[in-house]
Amino acid sequence: MVMSSTRREFMKATGWCALGAAAATSGVTQNADAAPAKTAPVKTSPTVIAVYLRGGADALSAIVPFTDRDYAKVRPSLALSGPDSKSARSVLPLDANFGFNPNMKELHALYEKGMCAPITCVGSPHDTRSHFDAQDFMERGAPGQKFISTGWLNRYLQHTRTSKDANLRAVSLQSLLPRSLRGDYPVLAKPDQNAELAMNLYYRLYPQKKFKPGEKPPSENLGQRTRKEIEEFGAKTIEQLFELTSVLETAPASTARYPTSGFARQMRDLAKLIKADRGFEVSAIDYGGWDHHINEGPVAGAMGRMLGDVSATLGAFVEDIGPLRAQTTLVLVMSEFGRTVHENGNQGTDHGHGGFMLAVGGKVSGHRVFGRWTGLSEDKLYEKRDLPVHTDFRVVFAETLKGMFGFDGIKLKLFPEYSADSPPLGFLGVA
Amino acid sequence: MRNCLSGFLRIALAGVVVGVFSPSRAQPPDLQRRLTPQESASQVLNRLAFGPRPGQLTEVSDKGWQKWVAEQLQPQTIADVDLEKRLATHCPSLSKNLDEVRAMESSETERGRIKRELIDAVILRAVYSQRQFQEVIAEFWRNHFNVDVNKVPALAMHYEENVLRKHAFGKFEDLLLATAKHPAMLVYLDNYVSKAGGLNENYARELMELHTLGVDNGYTQRDVIDLARVLTGWTCGARARGRSARGQEFGFFFNEAAHDTNPATVVGLQLDGFGGMADGEKAIRHLARLRGTAEFISTKLCRYLVSDAPTKALVGRIADVFQKSGGDLREVYKAIIFSLEFTHSRNYRSKFKTPFEFMVSVLRATDSDITSTQRIVREMAIMGQPIYECVEPTGYSDAAEAWLDPGVLVFRWNFAIQLVQDKVSGVKAGPAFLNPLLKTSPGNLTHKVRSMILPGISEPATEKMMAQTSDPRVMVALVLGSPSFQQQ
């Protein structure tokens with residue numbers, strides 16, 4: 001807004017901080033009469049964090065079938081070498097068939113501790129190779145169904161909703177709510193900037209109201225009822241944001257060493273939420289950039305760096321939350337599809353079909369690679385070009401909900417039109 | 001000369017005094033009564049327009065709200081010069097025909113461009129049009145007859161111009177038939193590939209479930225299949241031009257070879273199967289004229305304009321008007337607006353603004369000049385209502401329960417804060433809003449700010465908060481983010 005200088009003369013310079021000044025000096029605390037009641041810590045609750053690698057991450061460069069006789073042929077420039085070659089391209093051995101990309105040191109260490117379950121040839125039965133559609137289908141848990149708009153995680157939250165749900169039960173730390181979290185259940189989305197400024201500015205306009213003695217609740221006047229609803233939602237938002245911000249700001253600094261990426265920042269904050277024991281249960285994070293058509297660079301290039309980031313972050317995360325909470329936490333890493341088995345003419349790969357997932361947490365059944373493997377010979381590939389999908393991603397989703405929350409997503413029909421005739425993988429030691 | 005301003009202030013102060021004596025907060029005591037003329041003007045500007053522009057409540061009050069409504073019901077009589085200038089600059093593709101629009105679908109940049117122009121047109125019209133009710137009702141039909149711009153990027157623009165906007169004040173069955181024949185709808189709901197022996201039921205089902213009767217309201221699965229068969233051959237593509245012109249053009253055409261010629265029964269209407277395209281038209285008009293359709297459309301319109309839960313009595317009366325007038329939408333709108341319920345205290349400020357309604361009302365209240373819509377479009381996505389990008393054929397809901405979410409308000413608050421700090425690039429508050437504030441003495445600022453953004457609405461609690469700062473920007477942000485501004 002343009003103000004004349006005479007205006008400015010008698011305008012105090014307190015400006016923006018006028019109302020927030022008190023709050024700014026004392027951190028995030030607010031006046032006692034309006035401060036939301038401090039909630040008592042709840043018991044450690046199970047937590048699932050879905051990490052979505054957007055773009056179609058190359059399964060073959062992450063969970064590497066280095067003993068397959070066709071591997072070197074299909075990936076002339078991108079192939080990684082066996083563990084014994086002792087080079088920068090050497091995979092980290094998982095079992096007789098597979099090794100991790102060399103940038104996944106921390107995940108490999110977790111694998112050896114039995115806390116990381118790699119899953120191969122997993123994905124969607126739908127044949128789309130469109131990012132847009134494939135991501136939607138996976139995040140909604142409804143391949144091929146265009147008119148489902150709710151996310152699979154949101155449906156779980158809504159299904160198990162109670163009136164006593166913790167404020168921080170479902171949280172997203174990125175401004176655009178991931179699709180898996182969208183739906184009827186109100187997930188707290190922390191906006192990018194200045195949530196504190198907004199909170200401090202508006203909290204007195206949205207008081208937590210209880211009726212005073214003698215005051216009748218509004219009956220016929222819908223306007224008053226609507227007003228009350230709006231105030232309640234605003235108050236709830238502020239209460240939740242206040243709790244979220246105070247947990248994040250007052251949490252002790254973690255001793256684990258995280259990378260400096262945006263992904264790492266989010267995971268570090270989620271670790272704080274877990275350690276605060278406030279009933280945090282579900283979150284989802286987007287990690288973009290995996291669409292490596294050109295110069296995939298699985299060792300020293302783009303993909304190698306990103307895998308390194310994911311690995312180092314998850315390693316720090318598990319260390320950060322400690323062994324006790326690691327038992328009740330699961331990070332599920334996924335992507336909309338894998339990539340072509342053959343590399344293309346640009347040292348990259350194109351959109352494929354079957355892909356990979358990683359399950360990281362203390363409850364994981366360790367020391368093996370999950371999912372059926374039928375090799376890289378052309379007759380075994382999907383449409384002669386891609387990894388096949390031997391495991392429907394909904395199997396993994398359902399096992400996650402069952403193993404971590406005791407929630408039977410199949411029986412309770414969480415996945416629309418899913419017949420679920422395949423056996424579980426058992427990566428959480430749950431059949 | 002009548003002193004409008006003091007009259008306005010007097011009324012506002014009276015509202016404050018009443019508020020002080022009542023046990024509940026800002027609103028007058030709960031009475032079953034008709035709204036005062038000024039409250040009616042406010043109701044009209046919030047329900048039949050996207051919120052008042054500075055000074056507009058006074059204008060409408062002075063004119064008389066009924067007279068304003070009568071004008072708005074004849075939008076073609078209202079000049080719209082400023083808007084037309086903006087549209088000419090930002091949205092040159094609006095006048096393109098189907099051929100031209102179709103040509104744009106083949107290039108990715110062109111598709112992106114026309115999509116952007118369509119979304120811009122929606123925003124600019126809602127903010128700047130003098131024909132406000134036309135824009136409000138266009139938004140209703142846009143959702144009722146939803147298409148997803150990402151599925152039909154160029155076709156959607158032609159659809160908006162030549163179907164929704166063209167028929168919004170005509171007969172419902174004409175509007176319905178126009179949607180059924182437009183390539184945007186034929187592609188969006190897959191009817192263009194439906195043929196005898198390879199039936200696609202999608203459109204037939206939505207035609208009954210969403211566009212006419214409503215879910216399970218008098219039709220069966222058998223009707224869906226039969227209607228789908230009647231509509232086989234309804235497709236789009238290259239067709240011969242009219243008699244006077246040569247060559248081909250793109251558009252709707254009836255592919256006889258794909259049409260199912262077996263008899264069909266659609267909700268009681270029996271067709272022998274040999275009527276060709278006319279059978280489809282018969283079936284569509286038949287559905288449009290059913291009582292169930294009159295009730296469903298009336299319910300949705302009453303929900304949009306009057307209350308999230310309109311009474312059966314009101315819906316019944318409006319459905320009567322719908323049927324008696326042969327589905328004349330202007331008559332239906334008139335009946336709703338001049339009903340007892342529309343200007344009744346029970347329904348006053350009883351709705352919650354959708355993200356789009358919030359955004360547009362902010363821009364109108366602050367007389368904002370939009371030089372770029374980029375931030376606005378982004379905000380709509382963040383708030384969960386990306387324009388023309390609703391994937392589901394249900395379109396965006398208008399009810400509070402769809403939008404009242406704890407997170408929802410934070411994005412509105414943040415937007416208000418950014419706006420007053422001039423941090424929303426491409427958007428700047430304008431002189432009709434700023435100048436009166438600049439002329440106000442510091443002691444009167446809180447009241448002035450509130451009365452400019454929420455004219456005629458008493459808000460003592462908000463004004464008390466505002467009095468704790470001397471910065472008008474903070475005051476404006478407070479009002480824009482206040483509970484009252486979210487009410488409609």
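**Entry 1: chain B as a whole**

I start with a working rule: a residue is buried if 20 or more other C-beta atoms lie within 10 Å of its own, with C-beta atoms placed from the backbone. By that rule, 52% of the 488 residues in chain B are buried. A reminder to myself and to you, friendly reader: this is a predicted model.

Next I looked up the overall dimensions. The C-alpha trace of chain B spans about 75 × 50 × 45 Å along its principal axes. I then took the contacts in chain B between residues at least 6 apart in sequence, and 70% of them join residues at least 24 apart.

**Entry 2: Leu186(B)**

I picked Leu186(B), which is found in helix 11 (residues 183-188) of chain B. Is Leu186(B) buried or exposed? I find 24 other C-beta atoms within 10 Å, so Leu186(B) is buried. Leaving out residues up to four places away in sequence, I listed what Leu186(B) touches: Asn191(B), Tyr192(B), Trp234(B), Thr235(B) and Cys236(B). I also checked Val147(B), 39 residues from Leu186(B) along the chain, and their C-alpha atoms are separated by 9.9 Å.

**Entry 3: helix 22 of chain B**

Which residues of helix 22 (residues 431-438) of chain B are buried? I noted Phe433(B), Leu434(B) and Leu437(B). Viewed down the axis of helix 22 of chain B, the buried residues fall within an arc of 85°, so they line one face of the helix. Pro431(B) and Asn435(B), on the other side of helix 22 of chain B, are exposed. I then looked for what covers the buried residues, and the cover includes helix 23 (445-453) and helix 25 (472-481) of chain B.

**Entry 4: the 6-strand sheet of chain A**

Over to chain A, where I traced an open sheet of 6 strands in the order 8-1-9-10-5-11, with mixed pairing. Strand 8 (282-287) and strand 11 (391-392) of chain A stand at the edges with a single partner strand each, so one side of each has no neighbour in the sheet.

**Entry 5: strand 10 of chain A**

How many of the 7 residues of strand 10 (residues 355-361) of chain A are buried? I count 7 of the 7, so strand 10 of chain A is largely enclosed by the rest of the structure. Gly355(A), Met357(A), Ala359(A) and Gly361(A) point one way, and Phe356(A), Leu358(A) and Val360(A) point the other way.

- Asn295(A) has phi near 50° and sits in the loop between strand 8 and helix 10 (302-326) of chain A. With 13 other C-beta atoms within 10 Å, Asn295(A) is partly exposed.
- Val267(B) has phi near 45° and sits in the loop between strand 3 (264-266) and strand 4 (269-271) of chain B. Val267(B) counts as buried, with 20 C-beta neighbours inside 10 Å.

**Entry 6: confidence in chain A**

Last, I checked pLDDT. The mean for chain A is 85, and 86% of the residues of chain A reach 70 or more. Over residues 1-37 of chain A, pLDDT stays under 50. The model has 51 contacts beyond four places in sequence for that stretch. Where pLDDT is low, the predicted coordinates should not be read in detail.

How values were computed
Residues numbered from 1 in each chain as written. Chains lettered and ligands numbered in written order. Predicted model: local features only at pLDDT ≥ 70, side-chain atom pairs only at ≥ 80, totals over all residues. Pairing = 2+ DSSP bridges. Helix = DSSP H or I, 4+ residues; strand = E, 2+ residues; numbered from the N terminus. Buried ≥ 20, exposed ≤ 12 C-beta atoms within 10 Å, placed from the backbone. Contact = placed C-beta atoms within 7 Å. Arc of directions from axis to C-beta. pLDDT = per-residue confidence, 0-100.
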